[in-house]
Amino acid sequence: MVAAAVVAVALVVVGVVTLGGDGGGAGRSGNAAKGAKGNGRTPVDPVRLTVTPRDKATKVALDARAKVVADSGRLRAVKVTAGGGRRRLAGKLDTDGRSWVSTGVLAPATRYRVVADAVDDAGAPAREQTSFTTLAPRAELRAAIMPLDGETVGVGLPIGVWFNEPVADRAAVERRLRVRSSKRVTGAWHWFNDREVHYRPRSYWPAGAKVTVAARLAGTDAGGGLWGVADRTVSFRIGERRVSVVDVRTHRMKVTSGGKTLRVLPVSTGREKYPTTNGVHFVIEKNAVKLMDSSTVGIPRNSPGGYYQKVGWSVRISNSGEFVHAAPWSTGSQGRANVSHGCVNLSTANAAWYFGLTRRGDVVEVRGSPKRPGASFGVADWNMSWSRWLAGSAL
């Protein structure tokens, strides 16, 4: 009995040693640790990062997007900088952490440095550093906009955009011009030439509307090596609806505001040789005193119809030399006959009142004149059919 017990104990001891000395469990664990950097997990592939534009790329287009993609793992941070790190290009990391794309606009002739940090599925870090340089445009496109930011204008003022360089690709530029109105309007852009484009509603602007025009030109390829490099945003308000109707046959101007008649004023319009342009005009500018020179409209100063004099309370309604202004020399004809060189003549008192009432963009409709409207600024926009206006869009 004692011997049997000793044998049993020996067998237990041997069994313990044998389990401990087999090495199978410890050896598998070691191999796994070796494949996953000692953490006991299944081996993982290192992160591979793809960066565009490619490293040391040159003449990169200004509308290109910088992009970093991780084939596994996830991105932790991406920095794209210029100017020695002083300027950072904005970008967005995808929700899964696998890709980053720039949202900012690239500057011309600029070297950018990309630093991308990632981790693999086991948490091991990885970094990629590249650089690229953008192109130098043949010329830089910029825009001036009418109205001015914060201005309150009349219901007839179109939005005007003037470019510093001729635009070859009008469609590309027009796509970057956006108009928003607090009151619903149907409107469109119309190109008058390769440097000038206007926007107007189908009918006059609704009074009280708040309007914003944004020219998102930065990064726009305008064609022929011309690239947009700066954005412009202008916000303005539409004032009360003011429309003045000038009847050249009755020699009267009815001034309305908000649908109500304020005054009916006696006027003298263009004589037979120099008729006032018929149709819709809008107020362009006002001058308390304006030096008027007949030579600017093709009439020599020293001719029988010439003039060169300072005129009070002048409201310009076209760029072809037409104003509503004070004309004390023609008060005897006002309300009776047309004796002007194309302007709408008022007495000094009436002209001062009208001047004080009027703002840029208010409407002056001339009726009954034989002179058809042409392409002059101030009359070209509203005397065009809507179908013709739409035909002037590049889109």
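**A guided tour of the predicted model**

Begin with the whole protein chain, coloured by confidence: in this predicted model, the chain averages a pLDDT of 90, and 90% of the residues score at least 70. Next, select residues 1-38, where the pLDDT is below 50. Beyond near neighbours in sequence, this stretch makes 12 contacts in the model.

Move on to the open sheet, in which five strands are arranged in the order 2-9-8-4-5 with mixed pairing. Its edges are strand 2 (57-60) and strand 5 (87-88), each of which pairs on one side only. Select strand 4 (residues 74-82) together with strand 5: the two pair in the antiparallel sense over two bridges. Here alanine 82 has arginine 87, in strand 5, as its bridge partner.

Then select residues 285-293 and 308-316, which are strand 25 and strand 26; they run antiparallel and are joined by eight bridges. Lysine 290 can be found opposite valine 311 of strand 26. Valine 315 has valine 324, in strand 27, as its bridge partner. The hairpin of strand 26 and strand 27 has six residues between the strands, and in it glycine 321 takes a positive phi near 90°.

Finish at the largest pocket, whose volume is about 230 Å³. To display its lining, select His190, Phe192, Arg372, Pro373, Gly374, Ala375, Val379, Ala380, Asn383, Met384 and Arg388. Colouring by residue class divides this lining into six nonpolar, three polar and two charged residues.

Methods
Residues numbered from 1 in each chain as written. Predicted model: local features only at pLDDT ≥ 70, side-chain atom pairs only at ≥ 80, totals over all residues. Heavy atoms only, no water. 1 Å grid on protein atoms, 1.4 Å probe; cavity = no way out; pocket = protein on both sides within 12 Å on 5 of 7 lines; lining within 4 Å. Points joined across faces, edges and corners; volume = space filled by probe spheres on them. Nonpolar A, V, L, I, M, F, W, Y, C, P; charged D, E, K, R; others polar. Pairing = 2+ DSSP bridges. Helix = DSSP H or I, 4+ residues; strand = E, 2+ residues; numbered from the N terminus. pLDDT = per-residue confidence, 0-100. Contact = heavy atoms within 4.5 Å.
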